[in-house]
Amino acid sequence: MQPRNMSMSGVVDLAAVKAAQEAKAKAEQARAEAARQGGTAAVSPADLVIDVDEAGFERDVLQRSAEVPVVIDFWAEWCQPCKQLSPILERLAVAYDGRILLAKIDVDANQMLMQQFGIQGIPAVFAVVAGQALPLFQGAAGEEQIRQTLDQLVQVAEQRFGITGLTVDPDAEPGGAAGAAGAGAPEGPYDAALNAAAQALDAGDLGGAVRAYQNVLADDPAHPEAKLGLAQAELLQRVQGMDPQKVRQEAAEKPKDAQAQIAAADLDLVGGHVEDAFGRLIETVQRTAGDDRDAVRLRLLELFEVVGPDDPRVVGARRALARALF
């Protein structure tokens, strides 16, 4: 089974929004099923580290990533750095007590997965959250660096996708209840509106999706899923009728034209050129003043919402914007 949504280029599309809806629904279904069976199913600590092959990738990684962030350790028997890294990852998987699941993939036995992830060397560590693949790091790394990376992964999984991980019971039999979701929040008050937004996205109704997300934010202005969904839907709505060649030509001819640069930045981001979009608008902030400058600044803040506040490219661009403004 080929991994889905494997592009590492940063392309902005509807995948993250749809995946968040699907992941939340699957996690809620798993909790409901566990409740019907008399309680939340739990996994053994031994179930937190699993061996995965191509035949089981769909079940053991993609499906499980709707319940828990799955960290993938690509390794091989002959790889000496792997022998240093793998024990650290295995120890941390247990220490994180169900907040992550470690999937170990032997690249010699699973060449297709190695190619599909675009791996050039090992050890290589990825994560899959709600079906979305994220590169974490390549090569050996220290435990403190790995902990920082895993902390960020857990935070993103919970805040953006509502994924809280697995319940671990030291007394559970290994393999007895693997795959059950951990205890989480009950169904939220905005699920109907968020589902309506997801259905509108599926139907290509960007205006309907925008309205649905706005309805949520009218009651809860800080709702993270609605903020992300609205930012992405509005971006796609803006670029829908653009002539890319005309927009880029106008931006090249008018470097001080705020609206021309804003339109080009939208195209940059949709095309996956995140740093280009941010850099373009920061340079335009430096070239403009007054209302034009404020319009550029506001659009840049909107694009930060699309990419996500925890993305390192957003963190760096915020610092650059502050320098440009002050």
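The exercises below, with worked solutions, concern salt bridges and one glutamine in a predicted model.

**Exercise 1.** Determine whether Q261 is buried or exposed, and find which residues it contacts beyond its sequence neighbours.

Solution. Start with the location: Q261 sits in helix α10, which spans residues 258-270. Next, take its relative accessible area, which is 3%. Buried means under 20%, so Q261 is buried. Finally, set aside neighbours within four places in sequence; the contacts of Q261 are then A251, K254, P255, R280, L281 and T284.

**Exercise 2.** One of these contacts, K254, also takes part in a salt bridge with E250. Find the N to O distance and classify both residues by accessibility.

Solution. The side chains of E250 and K254 meet at 3.5 Å, N to O. The relative accessibility is 30% for E250, which counts as partly exposed. K254, at 38%, is also partly exposed.

**Exercise 3.** Compare where the partners lie in the salt bridges R147 with E143 and R238 with D266.

Solution. First, R147 and E143 both belong to helix α5 (residues 143-161), four residues apart, or about one turn of the helix. Their closest N and O atoms are 3.4 Å apart. R147 is partly exposed at 31%, and E143 is partly exposed at 28%.

Second, R238 and D266 form a salt bridge of 2.8 Å, N to O. R238 is in helix α8 (residues 224-239) and D266 in helix α10, so this pair ties together parts 28 residues apart in sequence. R238 is partly exposed at 25%, whereas D266 is buried at 1%.

The whole structure has 16 salt bridges.

Definitions and conventions. Residues are numbered from 1 along each chain as its sequence is written. This is a predicted model: local features need pLDDT of at least 70, side-chain atom pairs count only at pLDDT 80 or more; totals for chains, interfaces and linings use all residues. Side-chain values use heavy atoms; hydrogens and water are left out. Helices (H or I, at least four residues) and strands (E, at least two) are DSSP runs, numbered from the N terminus. Buried means under 20% relative accessible area, exposed over 50%, partly exposed in between (1.4 Å probe, protein chains only). Contact means heavy atoms within 4.5 Å. A salt bridge is a side-chain nitrogen of Lys or Arg within 4 Å of a carboxyl oxygen of Asp or Glu.
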